[in-house]
Amino acid sequence: MLIFTEEHLREVPMGTDAVQAFVSNLESRDEINCLSVSDYLIARRSLSNQQQEELDQVVSVRLQRGVASCQQHQSTWHGHKAVQITKNWLATFADSSQVPHKISLIAAQGVEDN
């Protein structure tokens, strides 16, 4: 599909191409919390079981990185703030009733008090 934005014509992937582009983008990002629960649930809704598993694997890796970062000792104000932001992000996955249980469990590990 073609769209015209910011004075440029752009091709936007649709259907399974859009899903693959979404997953590839997630895998290539450096930020741990680059995915919101709402985007995850929207993407997951339109996927086949196999594609859901692929997306869940990518999200699991992100969540595990977030949990690991929360467990590192932070000695600066900025470090503590970053941990709190990550914990808040993990909590959105842990607390959502729409997120699959296995994903919620991973996120909950980072929300627990150390």
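Which helices do the buried residues of H4 pack against? Keep in mind that you're looking at a predicted model. In it, the buried residues of H4 pack against helix H2 (37-45), helix H3 (49-70) and helix H5 (101-111).

Let's look at H4 itself. This helix covers residues 77-95, and its 19 residues should span 27 Å at 1.5 Å a residue; the end C-alpha atoms sit 26 Å apart, which agrees. Its buried residues include Val83, Trp89, Leu90 and Phe93.

Now for the rings. There are two aromatic pairs. One joins tyrosine 40 and phenylalanine 93, which are tilted at 50° between the planes, with 5.8 Å from centre to centre. Tyrosine 40 belongs to helix H2 and phenylalanine 93 to helix H4, so this pair ties together parts that are 53 residues apart in sequence. The other pair is tryptophan 89 with phenylalanine 93: the centres are 5.5 Å apart and the planes meet at 70°, so this one is edge-to-face. These two residues are four apart in helix H4, which means about one helical turn separates them. Put together, the ring pairs make a cluster of Tyr40, Trp89 and Phe93. Tryptophan 89 counts as buried because its relative accessibility is 9%, and phenylalanine 93 is buried with a relative accessible area of 0%.

And the cysteines? Searching the whole structure turns up zero disulfides. The sulfur of cysteine 34 has its closest cysteine sulfur in cysteine 70, but that is 15 Å away, so it's too far for a bond. Cysteine 34 counts as buried at 19% relative accessibility, because the cut-off is under 20%. Cysteine 70 counts as buried too, at 6%.

Definitions and conventions:
Residues numbered from 1 in each chain as written. Predicted model: local features only at pLDDT ≥ 70, side-chain atom pairs only at ≥ 80, totals over all residues. Heavy atoms only, no water. Expected span 1.5 Å × (residues − 1). Buried < 20%, exposed > 50% of the residue type's maximum accessible area, 1.4 Å probe, protein only. Contact = heavy atoms within 4.5 Å. Disulfide = S-S within 2.5 Å. Phe/Tyr/Trp six-rings, centres within 6.5 Å; stacked < 30°, edge-to-face > 60°.
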